[in-house]
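Okay, thanks everyone. I've got a few minutes on charged side chains, so let me put the structure up.

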Amino acid sequence: MEPRREKLSDLLHGSALPPPPIKRALIFGIIAAVIGVVAVVMAVLTHEMRIGHLTAGIGALVGIAITRRGGYGKPLALASAAITLAAIPVTYFVTFRIITTSWCTESTRESIKENAAAWQQLSNPTDEQVFEFARDQGFAFTTREAFDHYPGKMLTWFAETQPSVSEWRDWELANSLFRDYLAYTTSALDYVLLAVALLLAAGIVMLRTSTLEDRAKQKAIARRQEAAREGNPEEPAPN
């Protein structure tokens, strides 16, 4: 009876599952991440939603995609979280690039040209004049230093060079910093939601792993009990 009890203990505490299809699961996890990034960027640009409020959806998509393609186990759970962790900064970066350049059109160029001419007429403006100008022209600002950095710098360059739309777009990309965009658009809540997205991605895979292991162990125990009854009909199967 002792060898049988030892094997049953190994069965209950070990893994009853074969190795998962890692490559296939990872491919579908990455595809799901790409779909999630595109969906979040579109939602942000179309409905002016915060990226942080949608990051959990990316984690859920990645976790579900991995499990749907037969993925399970701790390594794939960690991979699911890693894919999500890579996808979320990409979402912010893609949104940053689109927002930075999307307003550089021929129609807005004419408007900015007029704003630049009005800005150039202000010689050594006071803080009050700068704030009044920003309000009149619809520019967002927080401090005088922030306005001088942007859009003040852009308006001065625009008035001096009279750029084409393409040149304006290139200037915006060259003079806009991704870290500044992150600092402006994120808060502590967004980082909490990032952690939630990672936990959700890994948790979905681990939940699927637990379910599959329970099923496999129950089936293995049932087979052992059936084999024990067939081998010794007079002896009851071990619990």
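Predicted model: local features only at pLDDT ≥ 70, side-chain atom pairs only at ≥ 80, totals over all residues.

Let me start with R50 and D190, whose side chains meet at 2.4 Å, N to O. This one links distant parts of the chain, with the partners 140 residues apart. R50 sits in the loop between α2 (22-47) and α3 (55-68), while D190 is in helix α10. Are these two buried or exposed? D190 is buried, because its relative accessibility is 5% and the cut-off for buried is under 20%. R50 comes out at 35%, so that one counts as partly exposed.

Next up is R144, which turns up in two bridges, one with D127 and one with D148. Take D127 first: the salt bridge there is 2.9 Å, N to O. R144 lies in helix α7, residues 144-161, and D127 in helix α6, residues 127-137, so the pair ties together parts that are 17 residues apart in sequence. The other bridge, between D148 and R144, is at 3.1 Å, N to O. Here both partners lie in helix α7, four residues apart, which is about one turn of the helix.

On accessibility, R144 is buried, with a relative accessible area of 17%. Its two partners are partly exposed: D127 at 42%, and D148 at 35%.

Salt bridges that share partners join E106, R109 and E110 into one.

Which residues form the positive patch? That would be R68, R208, R215, K219 and R223. And which helix gives the most to the patch? Helix α10, residues 188-231, with four residues. R208 is found in that helix, and at 32% relative accessibility R208 counts as partly exposed. Patch residues need over 30% relative accessible area and no salt bridge, so R208 at 32% passes the area cut-off.

If you want one thing to look at on the screen, follow helix α10. D190 in that helix pairs with R50 from the loop between α2 and α3, and helix α10 is also the one that gives the most to the positive patch.

That's what I had, so over to you for comments.

Conventions. Residues numbered from 1 in each chain as written. Heavy atoms only, no water. Patch = residues over 30% accessible without salt bridge, like charges linked within 9 Å, V, L, I, M, F, W, Y side chains within 5 Å. Areas by Shrake-Rupley, 256 points an atom, 1.4 Å probe, with all protein chains shown as cover. Salt bridge = Lys/Arg side-chain N within 4 Å of Asp/Glu carboxyl O. Lys, Arg positive; Asp, Glu negative; His and termini not counted. Charge placed at Lys NZ, Arg CZ, Asp CG, Glu CD. Helix = DSSP H or I, 4+ residues; strand = E, 2+ residues; numbered from the N terminus. Buried < 20%, exposed > 50% of the residue type's maximum accessible area, 1.4 Å probe, protein only.
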